[in-house]
Amino acid sequence: MPEPLDFGGQAPPIDPPTGCARPLVWRLARRLYADHQPGPDGWCLNCRPAILYPCVARQLADLGLAVAMKRTAAGPHVANKGHHW
Ligand SMILES: [Zn+2]
């Protein structure tokens, strides 16, 4: 599983960065990232009442951004364990 990307404390760019292997995954994950930001009290503004932060959606957004940038020699179908959908 890829590690979350480090943007140096900044929000990831809305448009996929140069070299992004899966631009659609980037755009979906970036939208999810934007929708699940912490409020002043540290809890997700979109998932109240919450029990943790990052919330599950934010964790998926971070993972999606990392997967979008990951290149594999075998192609994107490897990420879904061979299932075709
Ligand atoms: Zn959330």
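A donor here is an N, O or S atom within 2.8 Å of the metal. With that in hand, let's look at the zinc site of this predicted model.

**The zinc site**

Four residues hold the zinc ion: His36 through ND1, and Cys44, Cys47 and Cys55 each through SG, at 2.1 to 2.3 Å. Along the sequence, these donor residues follow the pattern H-x7-C-x2-C-x7-C. His36 and Cys55 sit 19 residues apart, both in the loop between H1 and H2, so the pair links distant parts of the chain. What geometry do the 4 donor atoms give the zinc ion? The arrangement is tetrahedral, because the angles they subtend run from 96 to 119°. For four tetrahedral donors, the ideal angle at a metal is 109.5 degrees.

**Cysteines and burial**

Both His36 and Cys55 are buried. Two cysteines compare like this:

| Residue | Relative accessible area | Class |
|---|---|---|
| Cys20 | 12% | buried |
| Cys55 | 4% | buried |

Each of them counts as buried because the cut-off is under 20% relative accessible area. As for disulfides, the whole structure has 0.

**The nonpolar core**

Cys20 turns up again in the largest nonpolar core, a set of 7 residues that also takes in Trp26, Ala29, Tyr33, Ala61, Leu65 and Ala68. Helix H1 (23-35) and helix H2 (56-69) are the elements that give two or more residues to this core. In soluble globular proteins, nonpolar side chains tend to be buried together.

Which residues does Trp26 touch, leaving aside its neighbours within four places in sequence? Its contacts include the core members Cys20, Leu65 and Ala68. Trp26 is also in contact with Met69, and with Leu5, Phe7, Pro12, Pro13, Ile14, Asp15, Pro16 and Pro17.

Definitions and conventions:
Residues numbered from 1 in each chain as written. Predicted model: local features only at pLDDT ≥ 70, side-chain atom pairs only at ≥ 80, totals over all residues. Heavy atoms only, no water. Core = buried A, V, L, I, M, F, W, Y, C linked by side-chain atoms within 4.5 Å. Buried < 20%, exposed > 50% of the residue type's maximum accessible area, 1.4 Å probe, protein only. Helix = DSSP H or I, 4+ residues; strand = E, 2+ residues; numbered from the N terminus. Contact = heavy atoms within 4.5 Å. Donors = N, O, S within 2.8 Å, 3.2 Å for Na, K, Ca; no water. Tetrahedral: all angles 85-135°; square planar, octahedral: opposite > 155°, others 65-115°. Disulfide = S-S within 2.5 Å.
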